[in-house]
Amino acid sequence: MKGEVKLGILGGGQLGRMLMQSGLDFNIYTLVLDPDENAPCKDICNEFFVGSFRDFDTVYEFGKNCDILTIEIEHVNADALEKLEQEGVKVYPDAKTIRTIQDKGLQKEFFRKHNIPTSDFIVLKDKTELEQNTEFLPAFQKLRREGYDGRGVTRLTTEADFGKAFEEPSVLEKLVDFEKEISVIVARNANGEVTAFPVVELSFHPEHNLVDSLFAPANVAYKLQRHAIEIATRVIEAFDMVGILAVEMFLTRDGLILVNEVAPRPHNSGHHTIKANYTSQYEQHLRAILNLPLGSTEIQSAAVMLNLLGEPGYDGEAAYEGLQEALAVPGVYIHLYGKKYTRPARKMGHITVLGQTIEEAQQRAEQIRNVIKVKA
């Protein structure tokens, strides 16, 4: 790696912020594009641009100033990225991968084409096609595009639920009777070297359909963990992708592993790696896109990660309660995202709780689970 690398990041949220915190160790010059003038990345990047990462011209003009372009959100203009690739800018993940993943219909069809195990599904043009597929219920309906953190997903158990169904193009996914939801984060560099982080177990918020907490390592049989890592490796190699890929999966009650969906960027299910693993997911992403040797993904400590969400009923400038009490517990580390304003269920930070065993980490996490509150 010669000289200072100019790295462009599409999106200025918390994922970009944590990526840049790792980037400081690599002497990387960072440029960020985000529509929010108060985005979390604003004050820690070298250059900040206010603009839409969905707009062709904006992304293209931004990308021309970069040696490498990456993303922290997949809802970006893939056509602009493709043109930049043709003009010699290194875009990781590439436009083709992003285009497939940002459309859940294409994503599911990709899994089927490459023999990657996934739940049964039907692609719907609009809401009217639900009437022709009532035998497929119970199922989850997911918007093909723009879904994020539980938005764009609804459960349809019977025809009585059709009133809350989406009108737009969507995917109807057969309900999976799963025992656990798990995730594997896998990385690949341009030389084709692949590494995977150990399997983590996810717990979802009952209301908001986003990750509430995770446990690392997962309480899953070793054979199943190896199988999950093999599947995640197959997925990133099928995409021929460079960078970090989060692969969320279902572990069914009869021992099958099915891929739910993937994200071609650092992910909520890898936040704990900053403290718990030899290499964080953020450093690993940088190593991958800079085509450096990938780091060790081994666990140094068992961990529980808790998402810190805005409290119900509070909307305004964020105020944090309970930090002193939480930090008095051994092994507790707080990561705030630099978001000025809170609202109900907004991701405002996360807490990583370490322990010599997963049981110890869980016990400490329960001590502080309701101590920290984000209010206004």
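Colleague: Is Val329 buried or exposed?

Modeller: Buried means under 20% relative accessible area, exposed means over 50%, and partly exposed lies in between, with a 1.4 Å probe and protein chains only. Val329 counts as buried, at 11% relative accessibility. Before we go on, this is a predicted model, where local features need pLDDT of at least 70, side-chain atom pairs count only at pLDDT 80 or more, and totals for chains, interfaces and linings use all residues. Residues are numbered from 1 along each chain as its sequence is written, and side-chain values use heavy atoms, with hydrogens and water left out.

Colleague: Thanks! Where is Val329 found, and which residues does Val329 touch?

Modeller: Helices (H or I, at least four residues) and strands (E, at least two) are DSSP runs, numbered from the N terminus. Val329 is in the loop between helix H9 (323–327) and strand S19 (332–336). Contact means heavy atoms within 4.5 Å. Leaving aside residues up to four places away in sequence, Val329 touches Arg364, Gln367 and Ile368.

Colleague: Which residues does UniProt list for "binding site"?

Modeller: UniProt positions are given in the numbering used here, feature names are shortened, and annotations may be inferred rather than shown by experiment. The unreviewed UniProt entry lists Lys104, Lys142, Glu173, Lys174, Leu175, Val176, Glu181, Asn260 and Glu261.

Colleague: Let's take Glu173. What is the place of Glu173, and which side chain does a polar contact join to Glu173?

Modeller: Glu173 sits in strand S9 (residues 170–174) and is buried, with a relative accessible area of 4%. A polar contact is a pair of N or O atoms within 3.5 Å; within protein, one must be able to donate a hydrogen and the other to accept it, and residues adjacent in sequence count only if both atoms are side-chain atoms. Here, the side chains of Glu173 and Lys142 are joined by such a contact of 3.3 Å. Among the residues that Glu173 touches, not counting those up to four places away in sequence, are Lys142 and Asn260.

Colleague: And where is Val176 found?

Modeller: Val176 belongs to the loop between S9 and strand S10 (178–188). Val176 is buried too, with a relative accessible area of 14%. Beyond residues up to four places away in sequence, Val176 touches Ser119, Phe250, Thr252 and Leu258.

Colleague: How many aromatic pairs does the structure hold?

Modeller: Rings of Phe, Tyr and Trp (its six-membered ring) pair if their centres lie within 6.5 Å; planes under 30 degrees apart count as stacked, over 60 as edge-to-face and the rest as tilted. The structure holds 4 aromatic pairs. One of them is edge-to-face: Phe49 and Phe62, at 5.6 Å centre to centre with 75 degrees between the planes. This pair links distant parts of the chain, with Phe49 in strand S3 (residues 47–50) and Phe62 in helix H2 (residues 56–63), 13 residues apart. Phe49 is partly exposed at 29% relative accessibility, whereas Phe62 is buried, with a relative accessible area of 5%.

Colleague: Which residue's charged end sits over the ring of Tyr60?

Modeller: A charge sits over a ring if NZ of Lys or CZ of Arg is within 6 Å of the ring centre and within 35 degrees of the ring normal. Over the ring of Tyr60 sits the charged end of Lys83, 4.4 Å from the ring's centre. Lys174 lies over the face of Phe136, at 5.3 Å from the ring centre.
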